[in-house]
Amino acid sequence: MDIELRGITKRFGPVVANSDVNLTIRAGEILGLLGENGAGKTTLMNVLSGLYRPDEGEILIDGKPTRFEGAGDAIRAGIGMVHQHFMLVPVFTVAENVVLGVEPTGRLDHLDIATAREQVRAIGAEHGLVVDPDAIIEEVPVGVQQRVEIIKVLFRSADVLIFDEPTAVLTPQEVEDFFGIIRSLRDAGKALVFITHKLFEILEVADRISVLRGGKIVGEGDPKTATEAELAEMMVGRPVSFTVDKKPAVPRRPMIEVRNLKVMNDRHEVAVNDVSFAVRAGEVVGIAGVQGNGQTELVEALTGLRSAIAGSVVFHDEDITHASARHRHKLGMAHVPEDRQREGLIETFTLAENMVLDSYYDEPYSTGIRMHWPKVETEAARIITDFDVRTSSVFELADHLSGGNQQKLVVAREMSRDIQVLIASQPTRGVDVGSIEYIHKRIIAARDAEVGVLIVSTELDEIRALSDRVLVMYRGRVVAEFDAAAATVAELGLAMAGATA
Amino acid sequence: MSEPGKLDGFSQDLLKRAVSDRFDAEEMILVPLLAVAMALAFGAIVMLATGVSLTAVGQSYVALFTGSLGSINAVSETLTAAAPLTLAALGIALGFRAGLFNIGAEGQVLLGGMAAVVVGFALTDTPAWIHLPLALLAGAIAGAIWAGIAGWLKAATGAHEVITTIMLNLIAMRLVDYLLRNPPVQKPGRADPISQSVLPSAELPRLLSFIDPNLRVHAGILLVIAAVLFVYWLLFRTTTGFEFRAAGSNPDAARYAGMKSGMIIVLVMATAGALAGLAGANQVLGVLGRASPGFSGGAGFDAIAVALLGRSHPVGVLLAGLLFGALQAGGREMQVEAGVSIDLIAIIQALVIVFMAAPTLVRATIPWVFRKEAGR
Amino acid sequence: MAVTDTAPVTTADIELARRRQKKVNGVILLGLAVFVAVAFGATSEGNAVFRLTLPRDAISIPNLVVPAAPYAYIVAGLLAFFGIRQFMRGGGRSTNVFLGIGLLLVVTAFLTWATAGKSFSLTGMLESTMVRAVPIALGGLAGVLSERVAVVNIAIEGMLLAGAFAGALIGSVLGGFVGILGAVAIGGLFGFILAALVVTHRVDQIIAGVAINLFVLGLTSYVSSQVLTKYTWLNNAPVFRPIDIPLLSDLPVIGPVLFRQNLFVYGALIMVLVATYYLFHTRSGLRARAVGEHPEAADTLGIDVYRTRYINVTIAGMVAGFGGAWFTLGSVGRFDEGMTGGRGYIGLAAMIFGRWHPVGALMAALVFGFADSLQQKLAILHTPIPSEFLAMAPYIATIVLVAGLIGRARPPAADGQPYIKE
C-alpha cells in the first residue's frame, strides 16, 4: 500500500505545526523522517493516523483521496501508529490492550479473552515477538511494552506502520533487535515510517530519508550517500558541532561519596543494589544505562526524595543519608529532575514563582513567612536573561513556554545559586539542539568552577559528550566504569545490556 | 554575573506585566452579568411552569431586588446572610488552592458555633472585650480541630479527605443533637433541643443600631473583611501560602522543592476549619444568640458553591458570598411579598454556578452579545 | 513507562505511612481488645438471646444463646492476638483482613453486651440492614459507573433526590411502575446533563456536581412547597410491598434477609451483578474502563471517548434515579424536602471504600446499612449509650477503616480529568 501526503497544513491557533508538507510512503520500504523536537514530526503522523484533521491538503491511499474522521478510519485503512509515549492502558493485560477496539466477542457482548490470548500468541509467533498475553502492562519492562504496541498494530492488519521515536527507551542491543523486527516487516511488504532525531540510527535502517524543520520538509537524503553532518545541518538549519568543547577535568576532593547504597522502588523491590561511587569537585560523572535500571531511585535517594534502606551518602564530611531534601538544598546541592513537567515546574505558576520553587524559604526571597516578591521578580528577570530563556515576561505562566525553554528555566534555577554539587537527570530530554548545546556548555562551565557534577542520561551521545568518567547501571548495580575519553559505544552498549566486561 | 538589583534594559522589560491579557472584559464582566440574567430568566420559567402568574413573577423579582438592595435594612440583611457563607467559603477556597476538597465545612461550622455558644453562656461576669474574643476563638479552635482530624488522617494514613470530612459532618450533626438535648448546654426547663442563650457580653455588636435597632448587620462583617484580607495575604504574600499553592497545583513538584506535604495538609485543613468555625461562631454570636438543631442553615454546604463561584480567590469568594447573601435576603422578601417559595433561590444559585463555570454555554445561548472570535 | 500518580500523596509518603500503619493497626487492635474486656466483659451478666426466627417464618430454628461475659473475653483475647501479630509481622494484604475481622468481632461483642439478659431479633436487624443498604449501594454503583469512565460524580445526591421526587409525583398519578420508570428517566436526564457539562462544556467536574445537587434540591423543594402542599394527591404514591420468592423465602435467616424483600432490594442486587459483568466481562466494559484509565490510548484505537462518557454517565444517572425511587416508592410513599439526607455522599464513600468495584460498593453499603439498622434496633434494648452516639458509630468505623486500610485501590487513572481532543 502506498500513501501520499499532499500539501498538508495543520495549525493550532496561531501556531503552524505543519506547512504544505508533501511525503510519499511506499510498501516494502522504510522511510526515515528526521527532525528536531518541535519540528512537527509527531503532528504530521497524528494527521496520518487520523487523530488530527489537516486544515489543508489531502491524503491519497493508492492514489485515491481519503478523509479520516478519527483514528478508527485510519486503522481501518491499514495505518497503524506506535506512539512515542506508549498508548497502553497500564492496568490492563497484554491481551486486553492488543484487542482493545477490535475485541473478539461472544453472546451478550461477552469479551472472549481466551480467543484474544490465542490471537496474541499467534501474531507473536508469526513475527518473532514473544510476550505473555496475561501479563499486566505496568509490570513488564518497556522493551516488552513496545513489542505489545507492535503486536497491537499488526493485530489490526496494518500495512503501514509508523514508529514515533521508538528507540528512546531501548538499549543499543534492543535497538538492534528492533531494527531486525522492522526490517523483517519491510521484507514482508509493509510500509514503515521511522521518526527520529538520531542521525546514526536513521542512516543505518532507513531506505529513504525526509527531513522536517519548522513544520516544512526541507530536504531529502539517500542513506547510502548522506553523512551525519549533512543531515544535521539540514535538520537544525545551521552547522552543528557534535562535541562539547571542554578542557581535561581537574578533579579535586570528593564532594559526594556513596557507599553501599541500597534503595527500594515503589513496588518494594530493590532498585539500587549496593552501589558505591564518588563524585569529585571539578569532574562530570555520567551514569549511563537503559531507563528503569535504578537510576531514578538512585537520584531520588541522593537528593533526599526517597529513603535508602542501607548504605550511606556523604556530602563533604557530613553524612546526609537521612537528611531532608531541604537540608541538602541548603548545603549546596542542585537537582535537575528527570521529568521537568512532573517535578521540576509548576505549570500554572509564573516564571518568577517557578524560579524560587525550592529557594523561596529563605533570604533574600523571604523573611520569616513574608515573601519578597519584588526581589523574586528582579532576580528571576536577571536569571532568565542570563540563561537565555525565551519569554516576554517573568509573569508569564510556565506552561506557555516551549519544552526547551522550560528545561532551560529549571536548569537556570538550579545552577544560578552558589552550588557545590549538581545532579542532573536527563538534562536535555525533549529539548531542541540549540538548547542542548547551551545547557551542555553551562554544565561544563559549572564543572570548571569546581562543582561536582553527576549526569544521568539514557542518551549515550550525551553521556559521552559531557562525562569525564562513565558508570553504567544495570539492574540496580554499577556494572562497569569507563574513562569517558577511551570508551567506545560498543563497550558501553554491552555493559548497558548487562554483559560484564 | 551582574550586580544584584541592577538590571539591563532587556531584563527590565521582563518585569512588565502584560496587562491586556489579564483583563478580558467579556470574561470578567459580561459573562457574570449574563449568567445571573439567564439564571433569573430560567427561574421565571420555573415559576410560570408551576402556575405562578406573570404579575406574581414580576412582583417576585421586584421583591428579590428590594429585599436585597432596596433599603438600608435590605442591605443589612444581605450582609448578615453573606457573612457566614463567605467565612466558610474562604476556608474551602484555601483547601481548593492546596488541592484538598473539604466537604466538611458544615461540621466545622456546627462545632465552631457550639463551642462559641458554650463559651458565650458559660463565662459569666466577663467584660465584653475579653468574652467576645474568647468566644470567637473557641469557635475557630473547635473548627480547626475538627478539620485538623481530617487533615491529620490524610497526612498520616492517606485517608481520602472527601470520605473523612463527609463522615465528620455526620458525626458533628449527631454530636450537636446530643449536646443540645443534655445539660449543661440545654436550656434549663426545656425539653426540646435548644441551648442556653449567649450572654450579651459575648454578642457581636450590631453596627447600625444607631440608625435603627432592628438592623441586624453586626460586627461579624468586619470579621469577614479581615478574613478576606488575611486569606489573600496568606495565599499570595507568604511562604506558607506559596507552599499551599505549590502542593495544590503539583504535589510532586512541591515534594521535589523540599516542602513537607503532611505538614501542609494539616495546616491547610486547620486554617480552613478555623474559618468555618468562625462562620459558626459568627452566626450564634451575631444573629441567633443560641444554638438549635440546624442552626447553621446549611451554610457549610452552600459555602462550597460560594468557593467554587469565587474561583477560590479571596476577592472572588467575597463577591460570590455577597451575591449569595443578596439572593437569600431577597428570597425571604420574595416569599413574603409574592408568596413564591424561597427554594427558588437555590435553583437560581445553582444556575449561576453552572453558567459561570461554562461560559461556552452562555455564549452558545445568546451568541449575538459577544464579539465574534477571530478565526472561527 | 512511568505510572504517573495523580493522587496528592506521593509514593514516599505512602511508604512511610505503610510502615506507620503497621503499628497504628496493631495499636488499634490492642486498644480494642482492652476496651472489649473492660467495657463489655467486666460489665455484662447473663446470656444474650438472639432470635433467628421471625414470626412469619415457615421453618423455625432455635434461638442463639451466647453467655455475654465469656464471649467478650474470648473476643478480647482474639483481638489481642491479632494486635500482637500485627506488631510482629504486619503489612501486606492480611492486615486489612485482620482489621476487618477485628471490627466485626467488636460489633458482635457489643451486640452481645447490649443484649445480655434480654433477647433481640438478629434476623430482623439483618433484614432491615439489606433495606437500608439499597439507596447507598445504588448511589455507590452510580459512582462506580461514572468514575470508571473518569467522570467524578458528586451529583449522586442530586440524582437520588430527583429520582425520589419523580417517583413520588409520577407514581402518585400513574402508578408505581410508571413511577419507577419516571425516576430512572429523570436520573438519566441529570446524568446526561452532568455529561454535557463536563464533557462538552468542560465544566470542572466537582463544580458541575455541586451545581446539580443544589439545583435538584432547590427545584424539588420549590415544587414541593409551591405545588405539592396544595395538591396533596400528587404526593401520595403506592409503596412496593415485599415479594416472597417461593421456597427460598422459607429458609431460616437467609429467607427473610434475601428473599422476602421488595423490588428495590432485588433490583439493587441484580444491578450490582449486571454492572460487574458489564465492566469486567464485556467488550463495552473494557472500552469504558480504557476510557477511564487512558482516554488518549482509547482514542487512538478509534474508541469515541466523549460518546463513551456520555453513555456511562447517563446510565449512572439512571441507576441513581432508581435508587432515589426507593425513598418514596420503596418506603414511605411520599416526597419530603431533602429526604435523601446525604445518602448520595455516603454512596460516594461506599464507592471509594469499595475500591471502585460494584460488589465492593455493595459491601460497603451493607456496612452502612447494618450500622444504620443497628442504631434503630438498639433503641429498643435501652442501652445506656445515648442514641446519638450509636448513630455516630458507623461513621467513626468508616473513618477507622479508611485510615487503617493498606494498599488502597487506585482510582481510575484519568479520574476527574477532562479529555481534550486536539
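How many residues from chain A and from chain C does their contact take? This is a predicted model, and in it the contact takes 37 residues from chain A and 28 residues from chain C. Together, chain A and chain C bury about 2900 Å² between them. Carbon and sulfur atoms hold 60% of that area. On the chain A side, Met87(A), Leu100(A) and Asp109(A) lose the most area to chain C. These residues together make up 18% of what that side buries.

Now look at the polar links between chain A and chain C. The interface has 2 salt bridges. One pair in a salt bridge is Arg287(C) and Glu103(A), at 2.8 Å from N to O. By class, the chain A side has 17 nonpolar, 8 polar and 12 charged residues.

Turn next to chain B and chain C. Here the contact takes 51 residues from chain B and 48 residues from chain C. The two chains bury about 4300 Å² between them, with 78% of it on carbon and sulfur atoms. The salt bridge count is 1. Glu388(C) meets Arg181(B) in a salt bridge, 3.8 Å from N to O.

Several helices of chain B each supply at least two residues of the side that touches chain C, among them H3 (25-49), H7 (128-157) and H8 (161-181). H8(B) gives the largest share, 13 residues. By class, this side of chain B has 32 nonpolar, 11 polar and 8 charged residues.

Terms used. Residues numbered from 1 in each chain as written. Chains lettered and ligands numbered in written order. Predicted model: local features only at pLDDT ≥ 70, side-chain atom pairs only at ≥ 80, totals over all residues. Heavy atoms only, no water. Contact = heavy atoms within 4.5 Å. Buried area = accessible area lost by both parts, 1.4 Å probe. Salt bridge = Lys/Arg side-chain N within 4 Å of Asp/Glu carboxyl O. Helix = DSSP H or I, 4+ residues; strand = E, 2+ residues; numbered from the N terminus. Nonpolar A, V, L, I, M, F, W, Y, C, P; charged D, E, K, R; others polar.
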